Amino acid sequence: MGEFVTHIGEGAFGDCTFLASVRFGAFVAHMGKVPFTIDSLEGISLGEFVTHTSEGTFENCTSLTSISSGAFMAHIVESAFQCCDSLGGISMGEFVTTSEGAFEDCTSSANFRLGASLAHTGETFQDCDPL
């Protein structure tokens with residue numbers, strides 16, 4: 001994605017059925033609701049200034065195996081990664097807060113690094129069997 005893209009709109013990549021990976025530019029700061037619902041998506045690298053996800057951002061991306069974010073990721077909202085069955089590796093910033101169900105039904109969740117100051121786990125990892 002171009003270095004100077006700052007916003008990803010709602011449903012932006014909804015019809016990209018064969019998209020395998022996405023690397024956000026450094027200045028993407030906002031993503032609309034459900035920009036990605038792609039079975040083939042395997043890897044995501046969020047830009048340095050992405051501060052939060054939107055509801056359902058990567059929901060049902062069943063082939064997604066890894067995601068990394070920059071240091072400024074601050075909040076992962078409800079159902080952001082829900083039903084990402086293959087998600088095995090996550091690396092996020094140091095000061096992340098999460099909402100209920102953010103990683104719900106991520107059944108392959110094995111290697112999550114969510115920073116030393118993770119806040120509000122609650123039901124964040126509901127039905128994530130390996131955790």
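A residue counts as buried when its relative accessible area is under 20%. Keep that cut-off in mind while looking at this predicted model, which holds five aromatic pairs and zero disulfides. Here is a quick tour of the rings, then the cysteines.

**Phe-58 and Phe-81**
- These two rings are stacked, because their centres sit 5.2 Å apart and their planes meet at 15°.
- Phe-58 comes from the loop between β4 (43–45) and β5 (66–68), while Phe-81 comes from the loop between β6 (75–76) and β7 (89–91), so the pair ties together parts 23 residues apart in sequence.
- Both Phe-58 and Phe-81 are buried.

**Phe-103 and Phe-125**
- Here, too, the rings are stacked, with centres 5.3 Å apart and planes at 10°.
- Phe-103 is in the loop between β8 (97–98) and β9 (111–113), and Phe-125 is in the segment after β9, so this pair links parts that are 22 residues apart in sequence.
- Phe-103 has a relative accessible area of 0%, so it falls under the 20% cut-off and counts as buried.
- Phe-125 has a relative accessible area of 23%, so it is partly exposed.

**Cysteines**
- A disulfide needs two cysteine sulfur atoms within 2.5 Å, and the structure has zero of them.
- Cys-83 is in no disulfide, and its nearest cysteine sulfur is that of Cys-106, 7.5 Å away.
- Cys-84 is in no disulfide either, with the sulfur of Cys-106 as its nearest, 5.1 Å away.
- Cys-84 is also buried, because its relative accessibility is 0%.

Key:
Residues numbered from 1 in each chain as written. Predicted model: local features only at pLDDT ≥ 70, side-chain atom pairs only at ≥ 80, totals over all residues. Heavy atoms only, no water. Phe/Tyr/Trp six-rings, centres within 6.5 Å; stacked < 30°, edge-to-face > 60°. Helix = DSSP H or I, 4+ residues; strand = E, 2+ residues; numbered from the N terminus. Buried < 20%, exposed > 50% of the residue type's maximum accessible area, 1.4 Å probe, protein only.
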